[in-house]
Amino acid sequence: MDNSSKSEYSLKLFAGGALSTTQYALFAIQIAVVILLSWLGVIATPVVGPGIGFLYWAYPFFIVFTWWWGLWGVLAAFLGCFIGAGLLTGLPLIPSLAFSLGDLVPALLVLILYRGVLNKLGVDPLGRDIFKNKLAAFWFVFWVMGITNIIGGLWGVWVLVQLGFVPANAYWYGAGLWILGDAIVLIIAPFLARALTPIVERFGLTTKGIIS
Amino acid sequence: MDEPVVELRNIKWHYPNFGGMKSNFLMENFNLTVYRNEFLGITGATGSGKSTLCQLIAGLIPHQIKLPYGKANEYFDGEVIVLGNVVSKLEKKGNEYIISGKGAMAPEVGLVMQDPESQFLTMSALNELSLGLQIMGLPKDEIVKRIKEALEMVGLEDLYELIDRLHPSELSGGQKQRLVIASFLAMRPKVLILDEPTSDLDSAGKIEVIEAISRLREKGDITVILVEHDPEILKKFIDRLVVLHEGKILAIDKPENIFSDPGLSKYIEVSEIETIFKNDEDLVKQIDLEAARVYRPSRRLEKSGGPALEVRDLKYEYPDGSRALNGVNLTVNKGEFIALIGQNGSGKSTFSKVISGYLTKWEGEVKIFGKDISEKKVRVSIPEIVGYVFQNPDHQIFNRRVDEEIAYGLKNIGMKEEEIKERVDETLKRVGLSNKKQEDPLFLSRGEKRRLALASVIAMKPEILIVDEPTTGQDYRMSREIMEILLELNREGSTIIVITHDMRLVAEYCRRIVVMKRGRLIFDGTPEKLFENEELLKESSLLPPKAVQISKKLKESGIMQDLLLSAKEWLDFLKFENEKKRYVLLSFDSMKFYAKKLSEEILKKYGKPDIIIYIERGGMVIARLISDYIGVKDMLSIRASYYTDEGVPSTHVTLGSFDYNLDDVRNYILLVDDIADTGKTLQAVLDKIKKLTTKPVYVCTVAFKPHSEVKPDIFAYTVDNDTWVVFEYEEQETKRAFQKRNNEIGLKFMEEAFGKQGNKYK
Amino acid sequence: MAERKNREGQKKYLKTILFSAKADSLFVNLHPFTKFVLFFLLSIAVILAMTKSHPDLVFSLIVFLVVLAFLLESGTLKYVIKSYLSLLFVAFIVFLIWWLIFNQIGNSILFSFHIGNYYFRITKESLYVGVAKVFGYAAMAFLTLLILMTTRDVDIVDALNQLKVPFKQTFFISLIFRSLNIMEEDLESIRHAQFARGGKASKKNPLSRIKEFLALSIPLTALMIKRAVEMGSALEARGFSKSKKLSEPVVKKRIRTADYVALILSAFALYTSITMNVTNVLGGQIWTSLL
């Protein structure tokens with residue numbers, strides 16, 4: 001991918017014109033995918049307390065959705081987690097809303113970095129060069145698997161402790177498991193990007209701005 | 001047809017390429033006009049641009065396609081006008097080119113696409129039907145009224161009571177598609193575009209939907225554009241037919257002209273039946289009756305290997321309580337090629353999922369090559385023995401490259417890398433996808449995906465291959481190619497079970513048909529037997545192919561002995577009729593010669609008969625001659641005829657009375673006739689005689705035709721089945737018969753033969 | 001079509017968000033709005049019950065048993081047992097263990113051990129708290145399942161319509177449900193396709209699980225992306241983007257007496273949870289001493 005193409009992706013709100021019906025349908029599908037995978041992750045590998053799954057399969061997906069579709073991916077992360085990992089696993093409304101910020105914030109931080117900074121440093125904003133570009137690999141590990149993941153984990157478990165779902169003494173253990181599990185599943189994000197980005201691009205569906 | 005409702009002017013369209021393999025598709029200088037109230041058909045091979053054309057008219061192309069901003073001119077040009085509105089037009093604004101126009105013009109223009117899954121947008125049948133109507137802002141009463149009407153039109157009126165409680169997953173693919181069609185019909189569009197809307201429907205469903213649209217056209221102001229491959233549907237319903245090829249119009253004309261144009265046979269299915277018979281009235285005048293009477297089609301013999309599949313009392317109930325299989329019993333032998341047919345929802349797909357080992361909680365017994373598949377270790381090995389090709393290729397294909405898709409199964413069965421590469425290339429060639437080796441299957445056309453789905457399974461060379469609707473969405477040429485591939489596999493030893501609605505291909509390729517209804521088998525037999533069973537056809541809503549319908553009329557009137565199942569069999573018959581006809585004359589002198597010969601043989605083999613019975617009137621002369629030679633005076637006669645007084649073959653033999661006492665017979669009876677032709681007369685008489693005596697009856701004729709049901713014990717010579725033996729003493733009757741049937745060749749022969757004397761046949 | 005009618009030709013079971021439920025059951029016929037409010041009130045009530053300094057086990061138990069009764073009445077308990085019981089059971093045990101490990105309170109030791117400097121004990125008090133948390137969570141989890149199994153997606157959309165939520169937003173919710181429905185079917189098909197070509201279930205090690213997950217999720221996501229394009233076209237073909245004033249939906253579920261009763265009872269449950277500790281009222285101290 002040449003530099004001119006990389007610079008097409010930015011933090012502009014509306015870089016590509018008005019929203020289309022296809023984007024509307026695509027957003028619904030993103031949310032559905034994140035709901036299903038969040039729920040699966042929590043139900044299949046429960047740890048610590050309700051709403052937390054060790055292998056949180058939705059994570060790499062909403063990261064690639066964020067790469068492709070900007071804010072739509074961020075919102076899908078939030079809504080999908082709220083419904084899939086929250087409501088559908090038995091967490092009440094307010095705890096679900098609160099702890100889903102633990103997905104929204106990391107996704108948003110990923111978006112800001114990739115579209116606002118890294119694309120100017122020669123890193124593919126769609127995550128395809130993680131296996132080829134050392135800089136891309138570094139930032140993926142440091143930022144996506146590291147910093148943003150840690151922020152999400154610390155926040156999410158803290159919410160559950162405050163609401164009485166997780167014992168206070170278990171906070172660091174719980175957060176640790178959350179962060180470790182997410183880091184493991186995030187390994188598949190570059191594979192997803194490599195396999196699926198060509199399809200998204202070929203349909204002309206990537207969002208150059210963060211909304212359109 | 002008067003004013004235009006759709007105009008495409010100088011259209012250019014080229015799909016944008018954002019990566020991957022470039023599309024070569026290009027539409028240039030494309031012009032088409034569709035008139036008010038017209039029923040326009042569009043046909044053409046896969047990839048010819050039919051769906052593109054539909055979407056251009058509907059305004060989805062180019063408006064729904066993402067084009068590089070400001071560069072629309074590289075992809076689109078021209079103008080699309082529908083109902084007086086500019087739907088799409090290229091405009092220049094400064095240095096940039098953009099697409100202007102109204103875009104999709106719902107509800108005036110409706111578009112029903114191929115895949116019902118992506119078009120069914122809501123979670124209940126009611127919401128699906130009312131979606132478009134709500135968008136139109138219609139009042140509730142009007143919505144309810146239109147919904148009822150629309151359901152009736154597509155033959156789903158029995159769903160109305162449950163309409164608000166029906167979930168999409170409770171509907172079959174065919175029902176979903178009909179509901180989608182109904183949802184557009186309810187909107188009462190002025191232009192309705194249907195892009196292969198019936199490809200997932202059974203034949204009855206197809207006809208029902210198309211007839212519904214036709215009725216709608218008669219009622220009101222609607223123009224219909226239909227993409228379809230089936231020439232019988234197109235011929236029956238449409239006014240004009242457009243033939244597309246690689247984005248260009250090859251022909252626009254009335255369907256009967258298109259389908260009888262052999263020059264178009266490369267591009268579309270030109271109905272061979274149409275070229276044989278201009279119309280199917282007065283068929284009797286168009287064919288040689290004598291040839292028809294004697295002709296027996298030669299058909300492939302089904303192999304009878306041991307049982308490959310044994311199913312006993314198979315029952316299956318889905319978790320929600322719905323019963324899909326209600327006690328199925330079936331044995332399929334190794335090497336058979338059978339068709340499994342039935343309406344949507346009859347249980348065919350469930351049955352095949354059980355056999356392929358996917359569904360497990362069934363009752364009954366299922367064995368594959370003698371092994372019970374309820375045992376886990378047997379079930380796990382089923383994929384190596386049973387190949388299953390899905391009805392919807394989107395559900396089957398999951399790799400990101402065509403060659404990887406084929407290689408997937410081969411890797412799983414432990415094949416080596418070099419062998420895999422070779423097998424992949426060989427299979428790609430077989431299905432005509434070699435040029436798409438590296439393509440992402442997601443971007444193949446529907447027909448290409450179907451071929452890929454088939455390829456990915458046949459590459460594994462399964463012993464049993466179950467193929468679910470292999471030809472749906474394919475043009476006829478490709479459908480035939482796929483069936484030929486399956487036939488080839490069958491010859492190589494695979495047992496093939498094809499699930500299909502296509503009765504033409506079933507009639508042509510399968511020697512055994514199994515019909516399912518409501519989870520049970522209701523028929524298991526040959527195509528001929530099925531097509532002769534009117535009640536069963538009606539019950540199963542099956543429509544025999546045109547070739548069968550025509551020959552059925554002839555069989556019912558006694559002209560033909562067998563049904564001809566396909567255009568190929570018809571052509572073989574006509575070849576037989578035209579090329580192999582011969583006439584030979586048997587003079588009286590020759591008869592004397594043969595009578596002497598036969599008498600010597602009779603005496604040598606069996607001794608003197610007690611009595612000679614001859615069949616009137618043909619057997620009279622030879623019987624008298626023989627009786628003179630062997631010195632038997634006791635002679636009886638029996639009238640028997642396979643022909644009506646008009647000289648047309650009947651459906652049965654008419655026997656005269658025969659009330660003789662045969663108790664005195666001590667040795668044997670000699671039954672004499674001039675020729676063993678079909679053998680029906682001889683058999684009928686033999687049956688009659690054997691009721692009166694237990695003594696042996698030996699049959700003696702002058703001539704014998706190999707296809708005769710009765711082979712005489714003694715005969716003088718053999719003639720070909722298609723040879724007409726003219727006896728001198730029957731000159732006048734024969735002439736009259738030829739005259740009645742307009743048999744000019746026969747009459748010419750008579751003229752030549754009886755102008756000269758002498759035996760032409762020794 | 002699935003033959004889901006009884007002899008009288010009635011549709012006995014309705015397809016809901018998860019599985020199916022008896023069409024004539026009490027909970028199925030509650031308005032979705034009622035269910036939403038009930039869910040909201042009861043969850044707050046149960047959270048309060050769980051987070052008190054002395055958790056209210058009896059309250060949580062009562063809610064749990066009531067929910068179980070409704071699951072039975074609606075004909076959905078069998079699905080819970082078949083599909084979710086083992087998963088939920090594991091979740092509950094994990095939950096309990098975390099509380100026992102990290103909340104070692106009280107002096108009435110039931111069980112203890114130590115490894116080096118680490119000392120682990122289960123006391124009556126910690127066991128009580130753990131069990132109360134588990135039953136509280138179980139009550140909510142089963143309540144969620146009850147609602148999912150007795151509510152049709154279509155009813156939720158209709159309820160939002162009645163609340164005058166704009167059409168494009170309610171339709172969006174419907175599209176999410178439809179996407180989930182399609183994904184469920186597509187996932188099943190992909191699994192079948194892989195099975196049919198010898199794709200065997202892999203060993204249980206994490207790497208194999210990841211590979212297996214990728215093998216399913218990549219084609220599923222690819223297919224869903226393609227479906228988005230087709231759905232977009234299908235929506236446009238119905239004039240979706242040009243919709244202005246839409247008419248009312250054809251079927252509107254009404255709020256009936258049963259709904260009011262359910263709302264009043266859930267409000268009462270919340271009130272109870274706020275104002276008292278039911279366990280204590282019923283002699284809670286005696287219960288813990290029985291442990």
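So, where does Asn10(B) lie in chain B? Asn10(B) sits in strand β1, residues 4-14 of chain B. I'll come back to that residue in a minute.

Okay, ground rules. This is a predicted model, where local features need pLDDT of at least 70, side-chain atom pairs count only at pLDDT 80 or more, and totals for chains, interfaces and linings use all residues. Residues are numbered from 1 along each chain as its sequence is written, chains are lettered from A and ligands numbered from 1 in the order in which they are written, and side-chain values use heavy atoms, with hydrogens and water left out.

Let's look at chain B overall. Chain B has 29 helices and 29 strands. Those are DSSP runs, numbered from the N terminus: H or I with at least four residues for helices, E with at least two for strands. Of the 762 residues in chain B, 58% are buried. Buried means under 20% relative accessible area, exposed is over 50%, and partly exposed is in between, using a 1.4 Å probe and protein chains only.

Now contacts, meaning heavy atoms within 4.5 Å. Take the contacts in chain B with a separation of 6 or more: 68% of them come from residues 24 or more positions apart.

Chain B is also divided into domain 1 (1-109 + 190-271), domain 2 (307-556) and domain 3 (583-754). Those bounds come from an automatic or database domain assignment. Taken over C-alpha atoms, the centres of domain 1 and domain 3 of chain B are 65 Å apart.

Back to the backbone, then. Asn10(B) has a positive phi of about 50°, although it is not a glycine. Asn10(B) is partly exposed, with a relative accessible area of 45%. Over in chain C, Lys164(C) also isn't a glycine, and its phi is positive, near 65°. You'll find Lys164(C) in the loop between α5 (153-162) and α6 (167-196) of chain C. Is Lys164(C) buried or exposed? Lys164(C) is exposed, at 63% relative accessible area.

While we're on the backbone, let's do the cis peptide bonds. One joins Ile61(B) and Pro62(B), with omega about 5°, and Pro62(B) lies in helix α2, residues 60-63 of chain B. Another joins Ala106(B) and Pro107(B), with omega about 0°. Pro107(B) is in the loop between β6 (96-100) and β7 (109-112) of chain B.

Next, one side chain to click on. Ser637(B) is in strand β24, residues 635-643 of chain B. Its side chain makes a polar contact with the side chain of Glu616(B), at 2.6 Å. A polar contact is a pair of N or O atoms within 3.5 Å; within protein, one must be able to donate a hydrogen and the other to accept it, and residues adjacent in sequence count only if both atoms are side-chain atoms. Setting aside neighbours within four places in sequence, Ser637(B) touches Tyr614(B), Glu616(B), Phe658(B) and Tyr660(B).

The size of an interface is often given as the accessible area lost when the parts come together. Here, buried area is the accessible area (1.4 Å probe) that two parts lose on being put together, summed over both.

Start with chain B and chain A. Here 11 residues of chain B contact 9 residues of chain A. The buried area is about 950 Å², and carbon and sulfur atoms give 54% of it. On the chain B side, Phe18(B), Lys66(B) and Phe443(B) lose the most area to chain A, together 53% of what that side buries.

How many salt bridges does the rule find across the interface of chain B and chain A? There is 1. The rule wants a side-chain nitrogen of Lys or Arg within 4 Å of a carboxyl oxygen of Asp or Glu. Glu439(B) forms a salt bridge with Arg202(A), with the closest N and O atoms 2.7 Å apart.

Finally, chain B and chain C. This contact takes 78 residues from chain B and 64 from chain C. The two chains bury about 6,300 Å² between them, with 59% of it on carbon and sulfur atoms. The rule finds 3 salt bridges here, and Lys226(C) meets Asp394(B) in a salt bridge at 3.5 Å, N to O. As for polar contacts, the count is 11 residue pairs, both residues at pLDDT 80 or more. Helix α4, residues 125-136 of chain B, gives the most to the side that touches chain C, with 8 residues.
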